Amino acid sequence: MPARPRTLWSAWTKFQAAYIGSGSEGRGTLYYRGRSYPFSIAGAGIGGIGVSTIDAHGEVYNLRDLAQFPGAYGQARYGFALGSASGGDLWLQNETGVIMHLKARRQGLMLSLGGDAMVISMK
């Protein structure tokens, strides 16, 4: 179990397209120690079929300093989207041990089960 979250939450919007392989890009905001920090997301992965937009929010664990947040993350994902009916969870971890657990709301037509590598950059 990860350490208790020190941030309130992270929220982001991402576009994803997949046909066995997948690609994604998006933007988000990290809420940390009473301030908001915008960031961008880019990634590639394997597993899934379809096209969707993802709105996600959740908790960030093991973040002791803002400098730990940007970088490469591994992501395990599952979910679906059929029009506006959707569901899914995203778990991401970077090389410094920062973990994000996000609840995802998707729109589009997508079946997703797989993993991604993503890069988060602060704006």
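**View 1. Confidence across the strands of the predicted model.** Mean confidence in the protein is lowest in E3, at 76, and highest in E2, at 86; pLDDT is the predictor's confidence in each residue, from 0 to 100. Strands (E, at least two residues) are DSSP runs numbered from the N terminus. The protein as a whole has a mean pLDDT of 81, with 83% of its residues at 70 or more. In this predicted model, local features need pLDDT of at least 70 and side-chain atom pairs count only at 80 or more, while totals for chains, interfaces and linings use all residues. Residues are numbered from 1 along each chain as its sequence is written, and side-chain values use heavy atoms, without hydrogens and water.

**View 2. Arg33 in the loop between strands E1 (9-32) and E2 (35-61).** Arg33 is not a glycine, yet its phi is positive, at about 50°. Arg33 counts as exposed because its relative accessibility is 52% (exposed: over 50% relative accessible area, 1.4 Å probe, protein chains only).

**View 3. Asn62 in the loop between E2 and strand E3 (71-83).** A positive phi of about 65° is found at Asn62, also a non-glycine residue.

**View 4. A nonpolar surface patch.** Tyr19, Ile20, Ile46, Ile49 and Leu111 make up the patch, with about 580 Å² of accessible area together (Shrake-Rupley method, 1.4 Å probe). Patch residues have over 30% relative accessible area and no salt bridge, and nonpolar side chains are joined within 5 Å; a salt bridge places a side-chain nitrogen of Lys or Arg within 4 Å of a carboxyl oxygen of Asp or Glu. E1 and E2 each supply at least two of the patch residues. Ile20 lies in strand E1 and counts as exposed, because its relative accessibility is 55%.

Conventions: Helices (H or I, at least four residues) and strands (E, at least two) are DSSP runs, numbered from the N terminus. Buried means under 20% relative accessible area, exposed over 50%, partly exposed in between (1.4 Å probe, protein chains only). Patches are made of residues with over 30% relative accessible area and no salt bridge: like charges are joined within 9 Å, nonpolar side chains (Val, Leu, Ile, Met, Phe, Trp, Tyr) within 5 Å.
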